Amino acid sequence: EEAGATDIFDDDYLAKIEKIKLPNTKIKLLQKLLARAVEDFKKINKTKGVDFAEKFRKLVEHYNERKEDDVLVSNVLEDFSDEIIDLIQALKQEKESFADLGIDLEEKAFYDILKKLTVKYDFTYPDDRLLELSKAVKVVVDDKAKYTDWSQRDDIKAELKVDLILVLARYGYPPVDRDEVYKEIFAQAENFKKYRAAVSPSY
């Protein structure tokens, strides 16, 4: 099962799928692979995973609308499989984008949460500071997540919240609804816990 999940981003594997002559079969397979890849990505990066799930949903919706109107369904099918492949390639790039920023996979997930909130609340915050803040957030989260039952313990959750508020204040991250920042970071931290357990039981 796991090998299949990684294969989707292998160019040779995609090339084999592209050669499938039955457009419906090809589309079903691509949809299944992309759906699974998006679900897997949500475990690592909830913010971007949800973004991709939304893009995928719109793509399918658009395809269903076109299929009803279009006489040349074969063209529509070809376009749709190309669009799914493009989305798979975009997801592959997104998965690897943390390296270009000089941060790790987990820091990138916190970076995306903080970045999304700057857009939502329409404030500017320098990108280099955001990268530093993402690293600081990971340090704080890791400090609490080392306890196996941390997400069930109210005392540890309260400490995590206080520590995050202090880190955000230290970095002058604007006083948006801090509760929202905390909830998002907490949900992502829980995701990592499950993801780490799945990847390596001895983590």
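These are my notebook entries on a predicted model of one protein chain.

**Ground rules**

I number residues from 1 along each chain as its sequence is written, and I leave out hydrogens and water, so that side-chain values use heavy atoms. Because the model is predicted, local features need pLDDT of at least 70 and side-chain atom pairs count only at pLDDT 80 or more, while totals for chains, interfaces and linings use all residues.

**Entry 1: the overall build**

I looked up the secondary structure. The chain has nine helices and zero strands. I read the elements from the N terminus as α-α-α-α-α-α-α-α-α. Helices (H or I, at least four residues) and strands (E, at least two) are DSSP runs, numbered from the N terminus.

Next I looked up burial. The chain has 203 residues, and 39% of them count as buried. Buried means under 20% relative accessible area, exposed means over 50%, and partly exposed is in between (1.4 Å probe, protein chains only). The areas come from the Shrake-Rupley method with a 1.4 Å probe; for residues, only the protein chains shown count as cover.

**Entry 2: helix H7**

I picked H7, residues 127-145. It has 19 residues and reaches 26 Å from its first C-alpha to its last. That is close to the 27 Å expected at 1.5 Å a residue. The expected span is 1.5 Å times one less than the number of residues.

Which residues of H7 are buried? I listed Leu130, Leu131, Leu133, Ser134, Ala136, Val137, Lys138, Val140, Val141 and Lys144.

Lys138 came up again when I looked at Phe110. The two are 28 residues apart in sequence, and their C-alpha atoms are 7.4 Å apart in space. Phe110 sits in helix H6 (residues 105-120). I noted Phe110 as buried because its relative accessible area is 1%.

**Entry 3: the loop between H6 and H7**

I found Asp122 in this loop. Asp122 is not a glycine, yet its phi is positive, about 55°. Most residues other than glycine have a negative phi. Asp122 counts as exposed because its relative accessibility is 70%.

**Entry 4: salt bridges**

How many salt bridges does a search of the whole structure find? The search gives 24. A salt bridge is a side-chain nitrogen of Lys or Arg within 4 Å of a carboxyl oxygen of Asp or Glu.

I followed Arg66 and Glu83 to begin with. Their closest N and O atoms are 3.6 Å apart. The pair links distant parts of the chain: Arg66 is in helix H4 (residues 46-69) and Glu83 in helix H5, 17 residues apart. Glu83 is partly exposed, at 25% relative accessible area.

I then took Lys116 and Glu184, whose side chains meet in a salt bridge at 3.0 Å, N to O. Lys116 lies in helix H6 and Glu184 in helix H9 (residues 178-199), so the pair ties together parts 68 residues apart in sequence. Is each partner buried or exposed? Lys116 is partly exposed, with a relative accessible area of 33%. Glu184 counts as buried, at 17%.

Asp154 and Lys157 also form a salt bridge, at 3.8 Å, N to O. Both lie in helix H8 (residues 154-170), three residues apart, about one turn of the helix. Asp154 is exposed at 57% relative accessible area, and Lys157 is partly exposed at 23%.

I also noted a network of salt bridges. It links Asp143, Lys144, Lys146, Glu159 and Asp163.

**Entry 5: a negative patch**

I looked up charge on the surface. Glu18, Asp79, Asp82 and Asp86 gather in a patch of negative charge. Patches are made of residues with over 30% relative accessible area and no salt bridge; like charges are joined within 9 Å, and nonpolar side chains (Val, Leu, Ile, Met, Phe, Trp, Tyr) within 5 Å. Asp and Glu count as negative, Lys and Arg as positive; His and the chain ends are not counted. A charge is placed at NZ of Lys, CZ of Arg, CG of Asp or CD of Glu.

Which helix gives the largest share of the patch? Helix H5 (residues 73-101) does, with three residues. Asp79 is found in H5, and it is partly exposed at 40% relative accessible area.

**Entry 6: two more pairs**

Ile85 lies in helix H5. It is buried, with a relative accessible area of 9%. Ile85 and Ile17 are 68 residues apart in sequence and 9.8 Å apart in space, C-alpha to C-alpha.

Asp51 lies in helix H4 and is partly exposed at 35%. Its C-alpha is separated by 9.4 Å from that of Val38, 13 residues apart along the chain.
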